[in-house]
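Trainee: I would like to learn how to read ring contacts in a model. Please take me through them.

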Amino acid sequence: MEIVQERDMSKEEKPESMSLYPLGTAAAPEPELLCIFGTGDLGRSLGQRLLQSGYKVVYGSRRPHSCGPVPQGAQVMSHTAAAQSASVVFICIQREHYGFLEQLAPQLKRKVLVDVSNNLRKNLYPEANAEYLQRLTPEAYVVKAFNTLSAWALQNGPSDSNRQVYLCGNSTEAKEAVTEIATRLGFSVQDRGSLSAARELEDFPLQLFPLWRLPLRLAFGLTAFFFFYLLTRDVIYTYATQKKDISFRIMVSLANKVFPIVSLIMLALCYLPGVIAAVFQLYRGTKYRRFPDWLDRWMLCRKQLGLLALAFAFLHVLYTLIIPIRYYVRYKIAASTIENQTSELDTTIAWRSDSYYSMGILGFGLYVLLGITSLPSVSNALSWREFSFIQSKLGYLTLFFCTFHTYLYGWDMFLRSSYYKWYTPPGYMLSLLVPSVVLVLKLLLLLPCVDRSLTRIRQGWERTEPQDDSQKSLIT
């Protein structure tokens, strides 16, 4: 009887877990439902990405039955029904169509509204789109986010170049909810503060190469200056003094002089601001004072300067490779062969030419290495020490090889008056000014007494005004 009673009680008092699921298993959590207003390219791409990340997606559309294709697994409802079904709503529509949201304000009460819209140009409206949305739905929690990402980036997932998601909003809880979603999608989040920063976020996608403007203007200015400078010296001077037309040399010979000159100057300009910054720190005796604004802007665009310099170096290499197949060169070779002109081997010239080519090859090889390591996918795989070694120490070595390559090209030209056409120096001499100054200043900074003081300053040491004769000087 006792055994029978035990069995009966065991039937009556079964644990809930055993009555619902097998032993050792638990209920799978229900996927969170998110709502998207808008079935355009951005809305579809965002929905596809959310579905791939384990969310359930419902679209709100003004035409639920004829809104076009949506990702497989997503539902389409009216705006009212979709808003009531989810706690987070992505607003993937243009600002001009926000009017109906004011009528949905009761359904959007206490919902998190993620505004992903942008404008066609800056200052198009007196207030940011997100602030306008907050005014239409005062009891909702508006967060500005995802507006700096393209539909392609959302559909294909984050890459090294567009992994960042900026957001802002007045509600901490709402921003945390959006942060969790962005992190689950594989993005990293940067909080820009309250909703008043929305205009700044909306201006981000409208910026056209903000860090490239100065380097591009500089490259264009240098190219134009040296093109007309060399055109005057080589083509116009020859025609004016010898009545000889060599204008055909503009396309290759002249271009192949301009490209390496601009490349070398821009490479030197990548490292000059670092030297100037070190001089400022030595002069001030501290690292805690801001650099001048012009130096800050200069240092921020060093990567762009280097990439443009590398592009000009590539052009120089390509133009050099086609020299043997040029008609003018083949004509000169054929003429010298017919005339049977021969000369004895000059070992000095042989040493000079081989060294010239060797320095050029080594410099270009290091040039390419610097360019490769500046790519985000490569630099992210390097430690800071490795990246600094390549970009700083190997960078200065690259500058030295390229500068030495140019010195070997000129050789003793500076001693011959025939090269100073119309009393102007050759272009290669002008190109050596900036890199030579940078290398000399860097050598001075490497002197033990100077380097020791600079290292102490960069480690946090500050020079104070001497109070008495026992005060130590900066350079010890």
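**Aromatic contacts**

Mentor: Ring pairs join Tyr356, Tyr357, Tyr409 and Tyr428 into a cluster. Rings of Phe, Tyr and Trp (its six-membered ring) pair if their centres lie within 6.5 Å; planes under 30 degrees apart are stacked, over 60 edge-to-face, and the rest tilted. The model is predicted, with local features needing pLDDT of at least 70 and side-chain atom pairs pLDDT 80 or more, while totals for chains, interfaces and linings use all residues. Residues are numbered from 1 along each chain as its sequence is written, and side-chain values use heavy atoms, leaving out hydrogens and water.

Trainee: How many aromatic pairs does a search of the whole structure find?

Mentor: The search gives 23. In one of these, the ring centres of Phe90 and Phe146 are 5.9 Å apart and the planes are at 70 degrees, so this pair is edge-to-face.

Trainee: Is Phe90 buried or exposed?

Mentor: Buried means under 20% relative accessible area, exposed over 50%, and partly exposed in between (1.4 Å probe, protein chains only). Phe90 is buried at 0%, and Phe146 is buried at 1%.

Trainee: What about Tyr356 and Tyr357?

Mentor: Their ring centres are 5.1 Å apart with planes at 55 degrees, so the pair is tilted. Tyr356 is buried at 19% relative accessibility, whereas Tyr357 is exposed at 51%.

Trainee: Which residue lies over the face of Trp461?

Mentor: A charge sits over a ring if NZ of Lys or CZ of Arg is within 6 Å of the ring centre and within 35 degrees of the ring normal. Arg456 lies over Trp461, 4.3 Å from the ring centre. Lys243 lies over the face of Tyr239 at 5.7 Å.
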